[in-house]
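Take a walk through this model, one region at a time. Keep the coordinates open as you read.

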Amino acid sequence: MAPVSALAPLLKHATTLVEDAIVKAADKSIIDDVQQLKSVAFAITSAGRHNRDLSSEERTAVWDVVGQIWNACVDAANAPYDAATKEAFLQMRQIASDLISLAKDDTASDEERLCKCQFFHKTGKLWSHLKDYETAESLYARAMEYTQFLLEVCNNLDKSLASREECAVELFGLYLDRTAAAWQLQQKALASNLLGRAKDLASNEDLSSDVSFQLSLSLASEQIKRAEQLLSTPEAEGNADAGEAIGLLNTANEVIANLSAEDNDPATESKEAAANQMQAQVYNLLAWAYLEAGDKASLAMNCIHSVRRLPAELSNQAVISFLAMKALCQLDKPHEAETELLNLVSSTNVSLSMCLGSVKIMLTAAAAQTQTDSNDGSQTGLAGIKSAVSLIQERFGEQPELPVQLVRLMLAQEVLLMHRSSVKTYEDFEQESKCYINASMVTAEAEQMALEICAAETTVEMLTKEEQSTGKQQLFNLVYSHATNHFQQRLYDSASRFFSAAYMYSEEGNKAKTARVLAVCNLGMKALDRALEYVDIAAQTEPTSVFNAFLRLKVHLLQKDRRAAANQVQAMMKCEDFTHEILRVAAQEAMGAEQTVVAQQALLQLWELVETDSNGTFQPGDQAVIMSNLVMITQDNQSGNDASLYIDELSAIYKQGTDRLEEVGYDGFFGADTTGRCA
């Protein structure tokens, strides 16, 4: 075993390493010295543990090394070192904490014991800042070994008030800091125990009112901070986290309620202001927690009523109206919720995100109602929502992202409608039917508001500026996608209205496409003249598009205008993007419209392309299909015609077919894997 005297050279070497490390910190070469210091410190602590006591000289030397390290670390905390260098200094603090453990407490003074506790506490707190909570907890546990000593000083009236309060503040801070680490390590029982100790210490009657007041505020602040963390987790709604947050906040509320200033205290006014501010935080968070816990909206409203009894600067906050609105929605009081919504959006300190979130909550609540407002025929709550949207537009109208956000919010109601709960019983079905009808009405109203926002002159003027191309494209995508959903459901009227709105924000490359889909919507509604108008609009930017000619063909087929339809067959073949597949589809459309003459013309044009095909455009077997369809259509057209003309026409078709069969061979005409092709 190393003798006690062996510590002297080790301590001297440690002193030299500390001095070198301080010098080298500026050029970032401190890390090597810290590693050497760790080795020396390990040797010192190993040698010291094998001896019962340190000599007075060694004890002094240990304190000197520790003091030198600690002072260097304090200076480094405010220096502009990089993260690696600062962590090296933290390692030095850890070394100091290990070394100071060699100085036994049985002969230590009160100042030395307090200093050791502070060493452990401060080092643990710095490790917590680096999120190394396990290392922090080990240091906090070592600091907690001085709990009894600190409590004895606090309760010893023979000690000076300054000494007692210094120990009280140190112990209280240790309780709270270890509580924070315990929460991070999921040690909830330990955290609860420490908070109880902190509460008892803050209410110690032997402390001055100022210190007791500050400790109580700090305790309430820590509980509020933890409650906020619990409520901010995504899974907090309706689970134990909300319940835990409620417990913390109720305790904080109790602590604040017991705060009071002494008579003739010059700081009474400032203390009351601080207590009221903390009280408002507690009530607001309690209301939030009750709403997240579910089925406790009435308790949330009690908290809101309490905070509204506080001074005006604390009670007239937008967040209070937000919480009240949400609670009233849960309590099925839409008219009162509507009032809170209007109060919120009228507030001078409200943010746009809070306004939009509030409108979303109100829309969702309105869709959940099963009865309508019979007084004005509008859905309950929607009149207030419309007013709120108008106020939001007045307030934030200069922000180019506002129209996009409002339209996205309104159109999101359709998603809510599509995800309603499942039906299990007849009563469920009856209730669900009422909810669905009502939700459909809310969705329709929300969609109408979205269209009005799109059509507003201010929106068009703002988003059609060159510098707002991103917002313009976002709005186009939103509305066009919504219109497409309706189109796929064959809701052509509403699809047409949204495609029309999208057209206003379409870039040059999308205008023709949007106009054509508007034409298709009008075809679905049998508004044929209107459909032709949109085709003409599309032709203004894409005059040679085959799709324009094809849509005109569909309109003329529905109008039974055989001549105009035949002209469009010829027009399609002159378009730049013409392909033979267009003629196939044209023939099918003509057959569907019972315009066999037009279908025959399309197939004859297709046959001509077959005969002149030198690029392998047509596949083997295609020719047989076209010929078969030509024969059938010619037979269909025979009724009422001269028999000789019919026979001549049919003979000509057969001759063309046989000539082509001889030219390309059986496999080329019918296809290699078939004995014939059906139409």
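A residue counts as buried when its relative accessible area is under 20%. The model is a predicted one. With that cut-off, valine 407 has 0% relative accessibility, so it counts as buried.

Valine 407 is part of helix α19, which covers residues 402-411. What surrounds this side chain? Leaving out residues up to four places away in sequence, valine 407 touches Ala450, Ile453, Cys454, Leu475, Leu478 and Val479. Leucine 451 is 44 residues away along the chain, yet its C-alpha atom is separated from that of valine 407 by 8.0 Å.

Next, a lysine. Lysine 472 sits in helix α23, residues 469-488. Is lysine 472 buried or exposed? Its relative accessibility is 13%, so lysine 472 counts as buried. Its contacts, again without residues up to four places away in sequence, are Leu463, Thr464, Tyr505, Ser506 and Glu507.

Now to helix pairs. Helix α17 (residues 352-368) and helix α18 (residues 382-396) have axes that come within 10 Å and cross at roughly 165°. Angles over 145 degrees count as roughly antiparallel, so α17 is roughly antiparallel to α18. Their crossing is left-handed. From α17, the contact uses Leu352, Cys355, Val359, Met362, Leu363 and Ala366. From α18, Leu382, Ile385, Val389, Ile392 and Phe396 meet them. By class, this contact holds 11 nonpolar residues, no polar and no charged ones.

A second pair is α9 (residues 188-202) with α10 (residues 209-232). Here the axes come within 9 Å and cross at roughly 155°. The two helices are therefore roughly antiparallel to each other. The crossing of α9 and α10 is also left-handed. On the α9 side, Leu195, Ala198, Lys199 and Ala202 make the contact. On the α10 side, Ser212, Leu215, Ser216, Leu219 and Gln223 do. How does the contact of α9 with α10 divide by class? It has 5 nonpolar, 3 polar and 1 charged residues.

Both of these helices return in the last stop, helix α11. Its 18 residues, 240-257, should span 26 Å at 1.5 Å a residue; the end C-alpha atoms are 26 Å apart, so the two values agree. Which residues of α11 are buried? They are Asp241, Ala242, Ala245, Ile246, Leu248, Leu249, Ala252, Asn253, Val255 and Ile256. The cover over these buried residues includes α9 and α10, along with α8 (161-184) and α12 (268-293).

How values were computed: Residues numbered from 1 in each chain as written. Predicted model: local features only at pLDDT ≥ 70, side-chain atom pairs only at ≥ 80, totals over all residues. Heavy atoms only, no water. Axes fitted to C-alpha atoms, helices over the stretch in contact; angles between N-to-C directions. Helix = DSSP H or I, 4+ residues; strand = E, 2+ residues; numbered from the N terminus. Parallel < 35°, antiparallel > 145°, perpendicular 65-115°, else oblique. Left-handed = near helix turned anticlockwise from the far one by under 90°. Contact = heavy atoms within 4.5 Å. Nonpolar A, V, L, I, M, F, W, Y, C, P; charged D, E, K, R; others polar. Expected span 1.5 Å × (residues − 1). Buried < 20%, exposed > 50% of the residue type's maximum accessible area, 1.4 Å probe, protein only.
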